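Here are my notes for your next look at this model. Please read them with the structure open.

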Amino acid sequence: MLTNEIAANIVLETSLRLNRNINIMNEHGVIIASGDASRIGHIHEGALKVLKTGEILSISVENAEVLKGSQPGINLPIVFQERIVGVIGITGSPAEIQDFGGLVKMTTELMIKQNFIITQMEWKQRTKEMIIEELLKTEPSYNHIKLGLTLLKKQLDPPYVSCIIQIIEQPIPNNTLIKNLEFILGEQPAIISFINIKRIFIALSECDPFEIENVFNRIAKELKRLKVTFRLSFSTLFNTLNKFSESYFDCELALNITDHKVEIIPYSKLEAKALIYKTEHVEAEKFAKRIINKTLEKYSETLETF
C-alpha cells in the first residue's frame, strides 16, 4: 500500500511545507523516500522500534548515535486500515517538531487513503471497460464477463437495453461524468464506460419496458445540467448477452440516420427506416431494377421527398 512513488510524493509535499528533511520507511524499516537521497535503501533502526511498538519515537542527539541509520527527530507510525504500513520520520530537534508531528502523520495517512481510493476506482473502471469490450464482441466470452461482474459484485439479468451517448462537447473529466451517470441510474443495474474519447456505452439490465424512456430522459437531463453537448440513442429490449453487439450497431445506425439536432433517439421509433439501411446494397439495387417502371420513374421526385 505504501509504494516508493507514494512515499516520494509525501516527502516532496511535506518537505516543501515544513522546510525540514522527511524520511519514509516501509514495513521493514527500510528508507524508501527521503529529502536526503543518500539515505534511501538504508535500514532505519528507529523505524524498526516504531514498527514493533506502534508508538511514536523521539530520537535525541545521543540516541541517534546508538540507533543505526537514524538522526535526531521524531518517528511516527503510518496507519492504514488499522495496520502499520510504514513510518514517517521528521529530522530535527524533537522538542521543536513535536507539535506538528501529528499533523504530518495525519496528512501522510490521508494521502495514502486518497491514493488507495483512486487506485480502487481505476481498477473498477478498467474492469467495466473489459466487460463492455467483451459484450460488444460478436462472440463474447461469457467466462470473462462473469469474472468481471464477480469482481465488481454486480449482476446483469435480462431484459437488457444498450445505449450510446455520443459526446460533442464535454467540460468535465471522464471519471466525474461516469460517476454522475451512475448516480442518476441509482438502483438500475448497469455497466457504464467510455469506449472511445467521445463515446460512452451503457449496458442496462433488469429493464422495465414502461420505464425505460424515463431512465434516458433522466440521463439526458443530467447531461444538460453538466453542460455536456450530446446525442443519445438506445436499443429495443433483448434477453440474451450475445445480442449486445447487434444492439450496439442498432444504436449507432440510429445516430447516423437521424437529424443531428435530435438529442434522444429510441431505435424503436425508427426501426422500419433502419431496416432499409440494413439491406445489402447489391440486393437493394436488384430489387429496385425489378420493380421500378416508367410510371414510378415519373414520380421519382415525389417518392424521394416522401
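Predicted model: local features only at pLDDT ≥ 70, side-chain atom pairs only at ≥ 80, totals over all residues.

1. **The buried face of α2.** Helix α2 spans residues 45–53. Its buried residues are Gly46, Ala47 and Val50. Viewed down the axis of α2, they fall within an arc of 100°, so they line one face of the helix. The background is simple: an α-helix has 3.6 residues a turn, so residues three or four places apart point the same way.

2. **The end of α2.** Look just after α2 for glycine 54. Its phi is positive, about 75°.

3. **Packing of α4 and α5.** Two packed helices are described by the angle between their axes and the distance between the axes. Helix α4 covers residues 94–135, and helix α5 covers residues 142–152. Their axes come within 9 Å and cross at roughly 155°. Angles over 145 degrees count as roughly antiparallel, so α4 is roughly antiparallel to α5. The crossing of the two helices is left-handed.

4. **Who makes that contact.** From α4 come Trp123, Lys124, Thr127, Lys128, Met130, Ile131, Glu134 and Leu135. From α5 come His144, Ile145, Gly148, Leu149, Leu151 and Leu152. By class, the residues of this contact are eight nonpolar, three polar and three charged.

5. Most residues other than glycine have a negative phi, and most peptide bonds are trans. Glutamate 82 has a positive phi of about 60° although it is not a glycine. Glutamate 82 sits in the loop between β4 and β5. Its relative accessibility is 82%, so glutamate 82 counts as exposed. Lysine 227 also has a positive phi, about 60°, and is not a glycine either. Lysine 227 lies in the loop between α7 (212–225) and β9 (229–234). With a relative accessible area of 65%, lysine 227 is exposed.

6. **A cis peptide bond.** Which two residues does the cis peptide bond join? It joins proline 158 and proline 159, with omega at about -5°. Proline 159 is in the loop between α5 and β6 (161–169).

Notes
Residues numbered from 1 in each chain as written. Heavy atoms only, no water. Buried < 20%, exposed > 50% of the residue type's maximum accessible area, 1.4 Å probe, protein only. Helix = DSSP H or I, 4+ residues; strand = E, 2+ residues; numbered from the N terminus. Arc of directions from axis to C-beta. Axes fitted to C-alpha atoms, helices over the stretch in contact; angles between N-to-C directions. Parallel < 35°, antiparallel > 145°, perpendicular 65-115°, else oblique. Left-handed = near helix turned anticlockwise from the far one by under 90°. Contact = heavy atoms within 4.5 Å. Nonpolar A, V, L, I, M, F, W, Y, C, P; charged D, E, K, R; others polar.
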